[in-house]
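Keep the structure open as you read.

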Amino acid sequence: MASRESDWEGVRLHVVTGKGGTGKTTVAAALALALAGDGRRTLLVETEGRQGIAQLFDVPPLPYEERKVAVGNGGGDVYALAVDAEAALLEYLDMFYHLGRAGRGLRRMGAIDFATTIAPGLRDVLLTGKVYEAVRRRRGTRPTYDAVVLDAPPTGRITRFLAVNEEVAGLAKVGPVRGQADSIMGLLTSPQTAVHLVTLLEEMPVQETCDAIDELTAAGLPVGGVVVNAVRTPLLKVADLTAAAKGRLDREEVSAGLVAAGVATRPGVLDALLAEAGEHAARVALEKSGRKTLKALDRPTYELPMLPEGIDLGSLYALAEALCAQGMA
Ligand SMILES: Nc1ncnc2c1ncn2[C@@H]1O[C@H](COP(=O)(O)OP(=O)(O)OP(=O)(O)O)[C@@H](O)[C@H]1O
Ligand SMILES: [Mg+2]
């Protein structure tokens, strides 16, 4: 963990995206644990306001404040932050205009609601601004966080989200807003950032992964690794899978196997089992073609197993360990 070189040495900001429901939050949390080697400190950030991190780490809902939520695999500390656009706006205004009291007034008036509703992009500007601040922050001579992991918006929105400051820079030709936008884009397009893609071995997530890589590349954003999540081990041998896919499993043999295993072969059970084997074989074949498509992307690729019991804190550490072992951290 701490001694072995990771594939992302020098990366300070790990952005984790993927199709909805593929495991972005899970993988981001596991990566934050994996990166917390001895004496290191990582920050896990969520932006979707769903308190997914608090649930995963079994802690009370996160306020708009960094909290230590766990000790990483290598003994380092993992902090977490749920960024809230409104709080980030007040913080931002206060930083630039020292609006302490006036800011509270703004909140009362609902002005922020108004501003973020009329300008959807503003929300993303604030969220990326906060992430930038966390990456750049220092305590003494060292960065406060050795690595920041962002549980980011899904693939459909990721490029727009990360490139939003490009639009800001286009609007503000000069001045502090322009300077801030340029600094954020500078970090996000630099080798200090890596945008990782989480996928399942299913057609749609694999397709979205390919599309997102194209979009990110076109926008000059640094594509990181591909994390293939929830990988299942085939239950049958290759020859049996081939036979099952073609509906040619030997009925007699399966029936004899059931008898040997002491399973009563009621009518219908054998057919249902054979049909299930056929579906399983079809899925394994699809997974194989998904793997082939992903391989052609030629990105560092990591696999995480499907954990039948679901995800709890213990399994999160196991996933982190798997990421370390494969060189992602
Ligand atoms: N390797 C795995 N094994 C078993 N279950 C998993 C695995 N990875 C994720 N899950 C489960 O799948 C579900 C979706 O995972 P997660 O919430 O991390 O996805 P997400 O991409 O963040 O979803 P959303 O798009 O809704 O934010 C969760 O219930 C999670 O516990
Ligand atoms: Mg999520």
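Helices α3 and α6 are roughly perpendicular to each other (a label for angles of 65 to 115 degrees), because their axes cross at roughly 70°. This is a predicted model, in which local features need pLDDT of at least 70 and side-chain atom pairs count only at pLDDT 80 or more, while totals for chains, interfaces and linings use all residues. Residues are numbered from 1 along each chain as its sequence is written, chains are lettered from A and ligands numbered from 1 in the order in which they are written, and side-chain values use heavy atoms, with hydrogens and water left out.

**α3 with α6**

- Helix α3 covers residues 85–97 and helix α6 covers residues 120–136. Helices are DSSP runs of H or I with at least four residues, numbered from the N terminus.
- The two axes come within 9 Å. Axes are lines fitted to C-alpha atoms over the stretch in contact, and angles run from 0 to 180 degrees between N-to-C directions.
- From α3, residues A85, A88, L89, E91 and Y92 meet R123, L126, L127 and K130 of α6. Contact means heavy atoms within 4.5 Å.
- This contact holds six nonpolar, no polar and three charged residues. Nonpolar means Ala, Val, Leu, Ile, Met, Phe, Trp, Tyr, Cys and Pro; charged means Asp, Glu, Lys and Arg; the others, Gly among them, are polar.

**The cavity**

- The count comes to one cavity of 30 Å³ or more. On a 1 Å grid over the protein atoms alone, a cavity is a set of points where a 1.4 Å probe fits but cannot get out, and lining residues have an atom within 4 Å of a point.
- The largest cavity has a volume of about 90 Å³. Grid points are joined across faces, edges and corners, and a volume is the space filled by probe spheres set on the points.
- Y64, A88, E91, Y92, M95, L126, G129, K130, E133 and Q180 line the largest cavity. Two or more of its lining residues come from each of α3 and α6.
- Its lining has five nonpolar, two polar and three charged residues.

**α1 with α13**

- The axes of α1 (residues 24–35) and α13 (residues 313–325) come within 8 Å and cross at roughly 65°. The pair is therefore roughly perpendicular.
- Their crossing is right-handed, a term used if the near helix is turned clockwise from the far one by less than a right angle.
- T26, V27, A29, A30, L31, L33 and A34 of α1 meet L316, Y317, L319, A320, L323 and C324 of α13. These residues divide into 12 nonpolar, one polar and no charged.

- The largest pocket holds about 440 Å³ of space. A pocket is an open set with protein on both sides within 12 Å along at least five of seven lines.
- It has 16 lining residues, and L236, L249, V254, L273 and A277 are the closest to its centre.
- Which helix gives the most to this lining? Helix α12 does, with five residues.
- The lining has nine nonpolar, two polar and five charged residues.
- α10 and α12 pack at an angle of about 110°, with axes 8 Å apart. That makes α10 roughly perpendicular to α12.
- L241, A244 and A245 of α10 touch A277, G278, H280, A281 and V284 of α12.

Key
Angles under 35 degrees count as roughly parallel, over 145 as roughly antiparallel, 65 to 115 as roughly perpendicular and the rest as oblique.
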